[in-house]
Every structure is written in structure tokens, then in C-alpha cells.
Amino acid sequence: MYSELEPYLPLLPLVAAPALLLLLGAWWYLRRTAEARSLRKAIRSIASEYRKELVIPDGMDGEIQLQHVLLTARGILVMDLKRASGPVFAGEKLEDWAVMEGNRRFRFKNPLAALRARTAAVRAVAKDVPVHGRIVFLGAPDFVGGRPDQVVTLEELEGEFSSSARSGTEAIRAFHSSWQQIQLASNH
């Protein structure tokens with residue numbers, strides 16, 4: 001049997017190398033898109049409707065951009081995303097937050113003031129509907145020294161909002177006119 005395969009042995013590297021590259025490419029693609037798939041799954045589990053990158057009036061003769069807005073059974077959720085895999089130094093009163101990834105350190109402005117401005121703008125448009133704001137960290141953040149209440153992981157967000165999504169059809173219907181007002185405000 002070996003003698004029958006012997007003429008094909010020189011071709012083995014030519015077949016194995018592309019197969020290995022294909023497998024590595026598939027693994028890399030699935031790994032890179034896992035976060036996006038997790039985010040889509042979470043949004044589907046907690047929201048009846050979803051929009052991203054909306055611009056609405058800020059209530060002070062200007063405009064404000066909303067990264068993600070979801071209609072949930074608990075009201076309207078304004079969601080900003082951050083990514084971190086490693087220690088995160090965050091605090092309500094810290095001017096800058098920091099993320100350590102390996103031997104690199106990233107600093108960014110405390111996002112809570114911007115989140116408050118976004119939720120206030122949505123409240124001004126949505127009127128009597130509850131409006132919630134969350135900074136959602138994707139990846140594997142490790143919050144060193146605590147974290148503000150409005151900062152959650154994707155799993156925590158699902159836990160907070162998904163239990164009400166299952167039984168919230170009536171509430172969602174009641175919030176729908178305010179949701180439409182946000183859509184109209186974004187098209188002004």
C-alpha cells in the first residue's frame with residue numbers, strides 16, 4: 001500500500017500547507033468576530049429594537065451622537081462600548097481612565113460625563129420613558145479598585161436587562177411611541 005502512495009508524497013506539503021493556512025485563517029476570523037457575535041446575541045436578547053450611530057438634538061441647540069440605543073422592556077438603553085482585556089483603572093471622579101494590556105497602557109477620558117449627556121438628550125426627546133445609560137466593556141476587563149455603577153460587562157448587561165425582556169411585551173408597546181420620537185429626532 002505504501003508503494004501506491006509513494007508517488008504522491010512530494011505533493012503532501014503542497015496540499016498540507018494551504019489546508020493549514022485555511023484552518024489558521026478560519027480560526028483567526030472566528031476569534032476576531034467572536035466579540036461582535038456576542039454583542040449581537042446580547043442585543044437580540046435584551047432589545048426589541050436597536051439602532052446605532054444616531055445623531056439627535058442635545059437640548060442646547062446642538063447635536064449629540066449616540067453609539068447604541070436599544071428599546072428594552074425596562075425603557076430605552078443608551079449604550080457606549082469600550083474594549084479591554086486586562087486591568088482597568090476607572091472611577092466616578094477620575095478624569096482619565098486607564099487600561100493595561102500586556103506591557104502597554106492606554107488612557108482615555110472618563111466616559112461617564114459623555115454618557116450622562118447622551119442619556120439626558122434621549123430623556124429630552126423620549127419624555128416620560130425610563131432612560132438608562134451604560135458603559136459596556138467588551139473583552140476581559142479586570143476592574144482594579146472597583147468601578148462606577150453604570151459600567152458593566154456584556155454578561156452583566158444581559159443579566160440586568162434580559163430577565164425583563166421576556167415578560168415585557170406590554171411595557172415595550174407603551175415605550176414604542178417614545179422610541180419613534182427618537183427616530184424622528186434623528187432624522188431632523
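The chain exposes about 11,600 Å², and carbon and sulfur atoms supply 57% of that (areas come from the Shrake-Rupley method with a 1.4 Å probe). Keep in mind that this is a predicted model, where local features need pLDDT of at least 70, side-chain atom pairs count only at pLDDT 80 or more, and totals for chains, interfaces and linings use all residues. Residues are numbered from 1 along each chain as its sequence is written, and side-chain values use heavy atoms, with hydrogens and water left out.

## Overall layout

You're looking at five helices and seven strands, counted as DSSP runs (H or I of at least four residues for helices, E of at least two for strands). Starting from the N terminus, the order is α-α-β-β-β-β-β-α-β-β-α-α. The radius of gyration is 23 Å, well over the 16 Å that the globule rule gives for 188 residues, so the chain is more spread out than a compact globule. That radius is taken over C-alpha atoms, and the rule is 2.2 Å times the number of residues to the power 0.38.

## The cores

The largest nonpolar core has 32 residues, with I56, L66, I76, V122, F137 and I182 making the most contacts inside it. Such a core is a set of buried Ala, Val, Leu, Ile, Met, Phe, Trp, Tyr and Cys residues joined through side-chain atoms within 4.5 Å; buried means under 20% relative accessible area (1.4 Å probe, protein chains only). Helix 3 gives the most to this core, six residues.

A second, separate core has 15 residues, including A47, L81, V152 and F161.

Terms used. Buried means under 20% relative accessible area, exposed over 50%, partly exposed in between (1.4 Å probe, protein chains only).
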